[in-house]
Amino acid sequence: MQRLLLVLATTAFLAACAPQPEPQIVEPVLPDPIESYQAGVVASEDGDYAAAVARFDEAASQGHPEAQVRLAQLYESGQGVVRSDSEAARLYQLAAEQGVPFAQDRLGDFYSRGQGVPKDDKLAAQYWEAAANQGVVDAQAKLGYVYEQG
């Protein structure tokens with residue numbers, strides 16, 4: 001009996017002294033941005049703007065430019081979220097930096113009016129020019145007006 005207790009105590013001691021494996025860091029699995037974007041489109045078309053916001057946000061936070069634009073539009077209109085021009089401008093900015101012409105045009109509009117960003121006619125013209133160079137007719141017209149006015 002004493003021998004059994006000695007074996008058990010030794011085994012317990014060795015187990016306690018053995019090096020413990022490093023804890024595994026598990027990275028969160030992010031949803032596929034394309035699937036999230038597509039689900040956001042469906043939700044938006046169904047009029048479920050709260051769900052659209054959630055799904056577009058999943059994709060937008062992973063850099064999906066079309067999701068950034070769609071989410072910006074929802075913030076601009078206040079559908080599914082509290083209306084926020086500054087958040088809309090931030091999202092349009094992210095998409096504009098990725099070369100999305102619609103976002104460049106809208107960001108130019110925001111800067112020309114001081115909507116959610118400080119009013120800056122020079123930046124407005126720069127964004128309109130970027131959009132105009134990609135064939136956005138509205139941006140071309142706005143830029144033409146800026147040049148006409150001097």
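## Fold

The protein chain has eight helices and zero strands. Along the sequence the pattern reads α-α-α-α-α-α-α-α. The model is predicted.

Of the 150 residues in the protein chain, 34% are buried. Among contacts with a separation of 6 or more, 38% join residues 24 or more positions apart. The chain exposes about 9,400 Å², with 57% of that supplied by carbon and sulfur atoms.

## Nonpolar core

The largest nonpolar core holds 35 residues. Phe56, Leu71, Tyr92, Ala103 and Leu107 touch the most other members. Two or more residues each come from α2 (33-45), α3 (49-60), α4 (65-77), α5 (85-97), α6 (101-113), α7 (121-132) and α8 (137-149). In soluble globular proteins, nonpolar side chains tend to be buried together.

Take Leu107. Leaving out residues up to four places away in sequence, Leu107 touches Ala89, Tyr92, Gln93, Ala96 and Tyr127.

## Aromatic pairs

There are four aromatic pairs. The ring centres of Tyr37 and Phe56 lie 5.7 Å apart with planes at 40°, so this pair is tilted. Tyr37 sits in helix α2 and Phe56 in helix α3, so the pair ties together parts 19 residues apart in sequence. Both Tyr37 and Phe56 are buried.

The rings of Tyr111 and Tyr127 have centres 5.9 Å apart and planes at 5°, so this pair is stacked. Tyr111 belongs to helix α6 and Tyr127 to helix α7, so parts 16 residues apart in sequence are tied together by the pair. Tyr111 counts as buried at 12% relative accessibility. Tyr127 counts as buried at 16%.

Tyr92, Phe102 and Phe110 form one aromatic cluster.

Note on methods. Residues are numbered from 1 along each chain as its sequence is written. This is a predicted model: local features need pLDDT of at least 70, side-chain atom pairs count only at pLDDT 80 or more; totals for chains, interfaces and linings use all residues. Side-chain values use heavy atoms; hydrogens and water are left out. Helices (H or I, at least four residues) and strands (E, at least two) are DSSP runs, numbered from the N terminus. Buried means under 20% relative accessible area, exposed over 50%, partly exposed in between (1.4 Å probe, protein chains only). Contact means heavy atoms within 4.5 Å. Accessible areas come from the Shrake-Rupley method with a 1.4 Å probe; for residues, only the protein chains shown count as cover. A nonpolar core is a set of buried Ala, Val, Leu, Ile, Met, Phe, Trp, Tyr and Cys residues joined through side-chain atoms within 4.5 Å. Rings of Phe, Tyr and Trp (its six-membered ring) pair if their centres lie within 6.5 Å; planes under 30 degrees apart count as stacked, over 60 as edge-to-face and the rest as tilted.
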